[in-house]
Amino acid sequence: MDYITLNELVKALDLEIIYRSNNIDEVKINKSDVNRPGLQLAGYFDHFAHERLQLIGNVEWHYLNSLPEDIRCERIEKLFSHPIPAMVISRDLEPFPEMIEFAKKKNVSFLRTEHSTTKFINLLINHLDYVLAPEITVHGVLVEVYGMGALLIGESGVGKSETALELIKRGHRLVADDTVEIKRVEDDIRGTAPELIRHFMEIRGIGIVDIERLYGVSAVKNWEFIDLVIELEFWDEEKEYDRIGLDEEYTEILGIKVPKLVIPVRPGRNTAMIVEVATRNNRQKMLGYNAAIALDNKVKKEIEKRRRERMGN
């Protein structure tokens, strides 16, 4: 999403509206920044970041309160003369009358929060970072397996949902079925389900099932980081599948490289168990141990040992 409207932000952060501008649904917030106009209230308006939300905290309020009324009025008027998206006052502080007056005159929304200034800044930036993060939607199933996010992809009918259902029965958790919304938050990617279909799953032959109601709240999760991509594909007898695991394969999602495995599916294979093993093995790799490399090193050492024994004889 490129922006969030001011009205959506007000609802998301449960802000009190002291004055609602007539364009609150049209004001766009497209940066996860906030400005505390301390220097501006002191009269310095060069390099004023007026495009950001303006936040009056405890320090700014007491500074304004210390000013003579005429100077305070002048500084507040100049502040509101810039095209600021909105003014927020923290700690449930009482706004000065001239603030509300100029907010109405300039048609700028005036908001209030009960949170301390620092806490509100953290809430605001975290929310905007997530909402404004780069986003894509993929067809697949996202499950949490042993604390890791495994994204199952593949052709329709290959068994992604059935594999996820078996994983849920084994004690793992469903994040999203069929449609996975993925966002990049800093250097991590996290997936979730669209609100409309969250915790629902489609099983061919049965139809739609509500996983939360069938298996309880412990069987579902709202979001999870994506640590591994597993592509399920129908077994191809003519294809040579990786049997060692020395060659690491990755896929790129929103500019982040994620380990990828291709698992062939055919009757008799316990795909859910294989996914469990894959996630456990991937965790071992993240912790610095690669079984394929360890075995390769052992084989090389054994070959070298025998070579030396032959040379000694």
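Buried means under 20% relative accessible area, exposed means over 50%, and partly exposed covers the range in between (1.4 Å probe, protein chains only). This is a predicted model, in which local features need pLDDT of at least 70 and side-chain atom pairs count only at pLDDT 80 or more, while totals for chains, interfaces and linings use all residues. Residues are numbered from 1 along each chain as its sequence is written, and side-chain values use heavy atoms, leaving out hydrogens and water.

Q: How many salt bridges does a search of the whole structure find?
A: Side chains of opposite charge can pair when their charged atoms come close. A salt bridge is a side-chain nitrogen of Lys or Arg within 4 Å of a carboxyl oxygen of Asp or Glu. Searching the whole structure for such pairs gives a total of 21.

Q: How many residues apart in sequence are the parts tied together by Arg170 and Glu276?
A: Arg170 and Glu276 form a salt bridge whose closest N and O atoms are 3.0 Å apart. Arg170 is in the loop between helix 7 (160-169) and strand 10 (173-185), whereas Glu276 is in helix 9 (residues 271-286). Helices (H or I, at least four residues) and strands (E, at least two) are DSSP runs, numbered from the N terminus. The pair therefore ties together parts whose separation in residues is 106.

Q: Is Glu276 buried or exposed?
A: Its partner in the salt bridge is Arg170, which counts as partly exposed because its relative accessibility is 34%. Glu276 has a relative accessible area of 8%, so this residue is buried.

Q: Which helix holds both Glu304 and Arg307?
A: The side chains of Glu304 and Arg307 meet in a salt bridge, at 2.5 Å from N to O. Glu304 is partly exposed at 28% relative accessibility, and Arg307 is partly exposed at 35%. The two residues are 3 residues apart, about one turn of the helix, and both lie in helix 10.

Q: What is the distance between the closest N and O atoms of Arg184 and Asp187?
A: Arg184 is partly exposed, with a relative accessible area of 25%, whereas Asp187 counts as exposed at 60%. Arg184 and Asp187 form a salt bridge, and the distance between their closest N and O atoms is 3.5 Å.

Q: With which side chain does the side chain of Ser161 make a polar contact?
A: Ser161 is placed in helix 7 and counts as buried, because its relative accessibility is 13%. A polar contact is a pair of N or O atoms within 3.5 Å; within protein, one must be able to donate a hydrogen and the other to accept it, and residues adjacent in sequence count only if both atoms are side-chain atoms. At 2.7 Å, the side chain of Ser161 makes such a contact with that of Asp177.

Q: How far apart in space are Ile303 and Tyr289, C-alpha to C-alpha?
A: Ile303 is found in helix 10 and counts as exposed at 55% relative accessibility. Ile303 and Tyr289 are 14 residues apart in sequence, and their C-alpha to C-alpha separation in space is 22 Å.
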